[in-house]
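Here is a friendly tour of some charged side chains and their partners. Have the viewer open and follow along.

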Amino acid sequence: MPEHPASAIGNLADLEEGQIALSRFIVQHERGLYVKRSRLESATDFLDFVNRVVGAGLYFRALDYSQFIALLYDDPPGDGKEVADEVFVAADITSFRPERQALYKGLRIENGEVAYMFQPVYLESVIDRTVIQESEDGRQVVSGGGQHSSEARTQLDIDEFIASAWEKGVRFGIDVAAVQEAIQLDKPVRRVVARSRPFVPGKDAEMVEQAAGLRRNNAPRRLLGGRVDLRQFETRYPQVAAGIRLVKKVPRTPGVDGRDISGEVLPAPTPRDFDLQSMAGPGTCVSRDKDGEFLVTSVNGFLHIDTRTNQFSVADKIVSHEGVSARTTGDLLLTGEIYEQHGEIQEKRIVKCRSITAYADVFGNIVSAGGVVHLKHNLVGGSASNDDGDILVDGVASGSTLTAQHGCINVKRADNCVIMASQVIIGRATNCEIVADDVTIDVAEACALAGKTLHVRHSQSRRELDNVLLLLLPDLSSYEAKIAALQQKRAALTAQVAGHRQKIDALRGEKELASYLALAGKLRRHELTLSAEQQVGWRRLSAQVAPLLRTLSQLSEVVNEMAAEASGLAVQIDELGVSKENACSGVACTVDSVEGETRVSTLLIRLAETPLTALTGKDLKARLRRTDGATRLLFTGTTGSFAWALRTPPA
């Protein structure tokens, strides 16, 4: 490192050549030079001072470059930031000697980057080799070669480098760490020593849709992988409820200005903005809260977006009269709560919704996610399913499939249908396959029914096809296996406890231990007091029986643990027994009147077998009418009545 010259700071009154007077906003303390921010009158005051220092052939010693750059560009006076008034800049201002300036070569500036070729440097010095000697007669004699020049290895200095770069126009973005590292290498190496800071562009204010499928779009729906579904439009009937956030305005974000290596500002463009209030039409309003600014629905209804003005509005609920067809709507995927359709739902068309009321015939497929499916007319050749709700058909269901695994299906009349639900209520059913926990039918004709509770008021055959009623019996094998295993484990524990207790009794019966325990009990109850001699004997006896006492204690702990485990097993056995009884409760069949061939059987479906609800229509029909080892006949006949209930088998 070079030896720094003396300070170049002087007084204005007696300023010498090569010295500089400090500006009024520069104060000097023991540690060094500080900028007093409150005295800066303009954003260029400090910049002018730096130009004056470097222009005078001086440089800042021990410069804090980050503070230096901040004062120059990032912290102009009067910006309102709460920071210290005095900011440290450098330890001193010293002379940048010409021989030192010559060590710093040119910079390569290209595409906002500054590169410098570091290499070993040498400083030329002059050595005086003249020698003065005294002769025999006392005279002084001059000898030697006079003055000679030589070169000595030296190093660059980061503070000088910054000053040299400033003179060459590099006034921002120096990578101090990279420069210092390259200097320490002391070998030829090219490094990027400074970079401009590009501006960070801001973001235009934008509108983010908060609910899916807001816009009516008649284009075919796009699927994963770039495919399209020609049967379904992208969005046909966007429905919303009150209080739904339609869109959110994301405010514009201002950009961050950059800065060129010359110190010039690289301004970021101003982002664009819009007014959300101008987009709020009837039925919508603007809501501002801590989450942001939103366009919100104020009523339930149908959402309309004016593509010309970009205005959102919500009208009353949609009442469609055009029907559902490949030409008018395609398949529908509705997100609203209620949908009314006065036109026909044509064959093979799919309507996915929550609650739907169809006033015309339905030939297609209705898929509900948990509302109410109410068909005011007929369901012909189509299907209706509800994941978590009920299905009502006021007319006739013919050649259709109805499914409501967690709800009730109520049909006035069903012909040639497959019906599966938690509960089924039918006025008249003809040639149907029905599976439900609870089935109630006024008139069943040539049907196959399976359920836990069956009630048929009138049963009759049709064209030599009988009525088949299957009572689904619970598979109790798992309960029985678990109970047997627990009972066996409990019995083993009980036997082990009895064995350990015998060992405990045997230990307690030994003479020394029995004497010790009896005496210890009297001492504990204060029935006996020992003399000094007796206490010596007591301690001797305690030492003799100590191993037996430890064994007795260990056996007692084991017995307690096993007894607790056995009690827990008894509780589990009782709980499984209750579960077994609950599984059997409610299994019953009642037929008020039999007119025509009717067969009532029980059907035991093992847990490992495929559930009836998972079978296809063809397989289900065959399974319900098949007689095998899993079925047990309870009744067969053409007249009379029948009633039967399952009794819980003994534990």
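A salt bridge here is a side-chain nitrogen of Lys or Arg within 4 Å of a carboxyl oxygen of Asp or Glu. With that rule, a search of the whole structure finds 25 salt bridges. This is a predicted model, where local features need pLDDT of at least 70, side-chain atom pairs count only at pLDDT 80 or more, and totals for chains, interfaces and linings use all residues. Residues are numbered from 1 along each chain as its sequence is written, and side-chain values use heavy atoms, with hydrogens and water left out.

**Salt bridges across the chain**

- Asp273 and Lys249 pair up at 3.2 Å, N to O.
- They sit 24 residues apart, with Asp273 in the loop between strand 17 (265-266) and strand 18 (284-289) and Lys249 in strand 15 (residues 245-250); strands are DSSP E runs of at least two residues, numbered from the N terminus.
- Lys249 is buried at 10% relative accessible area, whereas Asp273 is partly exposed at 44% (buried means under 20%, exposed over 50%, partly exposed in between, with a 1.4 Å probe and protein chains only).
- Asp466 bridges to Arg599, with the closest N and O atoms 3.7 Å apart.

**A salt-bridge network**

- Lys36, Asp85 and Glu86 are joined in a network of salt bridges.

**Around Asp331**

- Asp331 lies in the loop between strand 22 (319-320) and strand 23 (332-333) and is buried, at 5% relative accessible area.
- Its side chain makes a polar contact with the side chain of Arg349 at 2.9 Å; such a contact is a pair of N or O atoms within 3.5 Å and, within protein, one must be able to donate a hydrogen and the other to accept it, while residues adjacent in sequence count only if both atoms are side-chain atoms.
- The Asp331 side chain also reaches the backbone nitrogen of Ile350 at 3.0 Å.

Key
Helices (H or I, at least four residues) and strands (E, at least two) are DSSP runs, numbered from the N terminus.
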